[in-house]
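User: I would like to go through this model and ask, for each label attached to it, what grounds the label rests on. Please set each value against its criterion before drawing a conclusion.

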Amino acid sequence: MSASDGAGDPVQANTLRFITALSFLTDQAHVGRPFGEGTGLEVARSVARTTFNSLDEVREGGFRLAISMITNDALHPDDVSGVMGAGALDTSGLTPEQAQAARDLGGAAITFLGQINRDGENIWELWKRNDEVAEEVLCWLAVAWGRLETTGAVERL
């Protein structure tokens, strides 16, 4: 994604709108806090459903965010995991179920970044055929990007 307002490109415009709409999960107070079921995922999914026009847009938005992350030479997987609270799962006051859900979603999203466009890889194939997985990965990537923006690690898309 290039830095612009998304004019003429509905997927880019909706992705930017989505990241902005999730600012309540990406502000400084949320940087480093876990994200998953029970910690914002449900709300983010609801916002995605009202922001994107179709599941194809959800997939394309997630794909573009993933490409932006993996092609950003300044980012390291630890940076992404850090802003998403991977190190705080056991000390954040989450229930064991919430911590496991955040761990699972974060692990899947990070794996997705490494498998993108690699046919036959488990998360990539699951993302291509399972709408719920595509939506959850988009949400995780958008929250991660917003938190990275908050820390100054990346510029606004």
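Analyst: Read along the sequence, this predicted model follows the pattern α-α-α-α-α-α-α-α, and the secondary structure of the protein chain comes to 8 helices and 0 strands.

User: How do you know whether the radius of gyration of the protein chain agrees with that of a compact globule?

Analyst: For 157 residues, the rule for a compact globule gives a radius of gyration near 15 Å, and the protein chain has 14 Å, so the two agree. Taken along the principal axes, the box filled by the C-alpha atoms is roughly 45 × 35 × 30 Å. Of the 157 residues in the protein chain, 46% are buried, a label that requires under 20% relative accessible area.

User: What makes Asp9 and Arg64 a salt bridge?

Analyst: The criterion asks for a side-chain nitrogen of Lys or Arg within 4 Å of a carboxyl oxygen of Asp or Glu; the closest N and O atoms of Asp9 and Arg64 are 2.7 Å apart, so the pair meets it. In total, the structure holds 9 salt bridges.

User: How do you know whether Asp119 and Lys128 are exposed or partly exposed, and what is the distance between the closest N and O atoms in their salt bridge?

Analyst: Asp119 has a relative accessible area of 63%, so Asp119 is exposed, as that label applies over 50%. Lys128, at 35% relative accessibility, counts as partly exposed. In the salt bridge that joins Asp119 with Lys128, the closest N and O atoms are 3.0 Å apart. Elsewhere, salt bridges that share partners join Arg45, Arg49, Glu135 and Glu136 into one network.

User: What makes Glu37, Glu42, Asp104 and Glu132 a patch of negative charge?

Analyst: Asp and Glu count as negative, and a patch takes residues with over 30% relative accessible area and no salt bridge, like charges being joined within 9 Å. Glu37, Glu42, Asp104 and Glu132 gather on the surface as such a patch. Asp104, which lies in helix 6 (residues 96-115), has a relative accessible area of 46% and is partly exposed, so Asp104 passes the accessibility condition of over 30%.

User: Why is Ser46 called partly exposed, and how far apart in space are Ser46 and Cys139?

Analyst: Ser46, in helix 3, has a relative accessible area of 40% and is therefore partly exposed, because the label covers values between 20% and 50%. Ser46 and Cys139 are 93 residues apart in sequence and 9.9 Å apart in space, taken from C-alpha to C-alpha.

User: Why is Asp56 given its accessibility label, and how far from Pro77 does Asp56 lie?

Analyst: Asp56, a residue of helix 4, counts as exposed at 63% relative accessibility, since exposed means over 50%. Asp56 and Pro77 are 21 residues apart in sequence, and their C-alpha atoms are 26 Å apart in space.

Notes: Residues numbered from 1 in each chain as written. Predicted model: local features only at pLDDT ≥ 70, side-chain atom pairs only at ≥ 80, totals over all residues. Heavy atoms only, no water. Patch = residues over 30% accessible without salt bridge, like charges linked within 9 Å, V, L, I, M, F, W, Y side chains within 5 Å. Areas by Shrake-Rupley, 256 points an atom, 1.4 Å probe, with all protein chains shown as cover. Charge placed at Lys NZ, Arg CZ, Asp CG, Glu CD. Helix = DSSP H or I, 4+ residues; strand = E, 2+ residues; numbered from the N terminus. Buried < 20%, exposed > 50% of the residue type's maximum accessible area, 1.4 Å probe, protein only. Rg over C-alpha atoms; globule rule 2.2 N^0.38 Å.
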